[in-house]
Amino acid sequence: MMRTLTQPLIILWTALRRIFASPLAGLLNILVIGIALSLPAGMSVLLQNAQGLVAQLSGPQQISLFLALDASQEDIAQLRTQLSRHPAIASVKFVSRNDALEELKQSSGLDDVIAGLESNPLPDAFVIVPKPGSAKSLDELRTALQNMP
């Protein structure tokens with residue numbers, strides 16, 4: 001019983017004596033062991049931080065539904081009603097052609113180019129925020145939106 005208690009102490013004493021017998025080699029050994037032990041921990045922290053950053057950058061998912069240029073106000077109202085009643089859609093926001101053009105002017109800095117256009121080339125659109133779900137449910141929503149007139 002006494003041997004099993006003293007044997008680890010003897011091994012520790014022998015290891016420390018060898019390390020201090022050649023200090024440079026011992027220091028390098030300790031350095032290598034420290035690096036080998038810190039790499040997995042450092043990579044784990046880096047991976048967790050990267051996942052948090054990606055989650056912040058991605059933001060909410062959105063689907064833009066562009067309307068035909070000749071869509072009437074009645075068509076837009078009917079489509080808005082259909083979209084707001086759809087069970088897979090969390091929210092719907094209508095963006096008119098003029099609002100989209102103004103936003104493009106502000107965000108792009110191409111005021112001169114946009115001012116030279118004869119007419120507004122942008123269509124009316126709905127910005128749709130789907131309810132959280134799987135990729136399959138998003139694909140089904142996309143297909144349902146494509147099939148709308």
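**Burial, contacts and core of the predicted model**

Reader: At what relative accessibility does Pro 130 count as buried?
Author: This is a predicted model, in which local features need pLDDT of at least 70, side-chain atom pairs count only at pLDDT 80 or more, and totals for chains, interfaces and linings use all residues. Residues are numbered from 1 along each chain as its sequence is written, and side-chain values use heavy atoms, without hydrogens and water. Buried means under 20% relative accessible area, exposed over 50% and partly exposed in between (1.4 Å probe, protein chains only). Pro 130 therefore counts as buried, its relative accessibility being 9%.

Reader: In which strand does Pro 130 lie?
Author: Strands (E, at least two residues) and helices (H or I, at least four) are DSSP runs, numbered from the N terminus. Pro 130 touches, by contact of heavy atoms within 4.5 Å, Gln 61, Gln 62, Ala 88, Ile 89, Ala 90, Leu 138 and Leu 141, not counting residues up to four places away in sequence. The strand that holds Pro 130 is β3.

Reader: What is the relative accessibility of Leu 83?
Author: Leu 83 is found in helix α3. Apart from residues up to four places away in sequence, Leu 83 touches Leu 65, Ile 89, Val 92, Phe 126, Ile 128, Leu 145 and Met 148. Leu 83 counts as buried because its relative accessibility is 0%.

Reader: Which residues are in contact with Leu 145, leaving aside its neighbours within four places in sequence?
Author: Leu 145 is one of the residues of the largest nonpolar core. With neighbours within four places in sequence set aside, Leu 145 is in contact with Ile 63, Leu 65, Leu 83 and Ile 128.

Reader: Is Gln 73 buried or exposed?
Author: Gln 73 is found in helix α3. Because the relative accessible area of Gln 73 is 62%, this residue is exposed.

Reader: At what relative accessibility does Asp 124 count as buried?
Author: Asp 124 has its place in the loop between α5 (111-115) and β3. Asp 124 touches Leu 65, Phe 66, Leu 67, Ile 76, Phe 94, Val 95, Ser 96 and Arg 97, residues up to four places away in sequence not being counted. Asp 124 counts as buried because its relative accessibility is 11%.

Reader: Which side chain does a polar contact of 3.2 Å join to that of Ser 96?
Author: Ser 96 lies in the loop between β2 (89-95) and α4 (97-108), and at 17% relative accessibility Ser 96 counts as buried. A polar contact is a pair of N or O atoms within 3.5 Å; within protein, one must be able to donate a hydrogen and the other to accept it, and residues adjacent in sequence count only if both atoms are side-chain atoms. The 3.2 Å contact joins the side chain of Ser 96 to that of Asp 99.

Reader: How far apart are the closest N and O atoms of the salt bridge that Arg 142 forms with Asp 139?
Author: A salt bridge is a side-chain nitrogen of Lys or Arg within 4 Å of a carboxyl oxygen of Asp or Glu, and the structure holds one. Both residues lie in helix α6, three residues apart, about one turn of the helix. Arg 142 is partly exposed at 39% relative accessibility, and Asp 139 is partly exposed at 38%. The closest N and O atoms of Arg 142 and Asp 139 are apart by 2.5 Å.

How values were computed: A nonpolar core is a set of buried Ala, Val, Leu, Ile, Met, Phe, Trp, Tyr and Cys residues joined through side-chain atoms within 4.5 Å.
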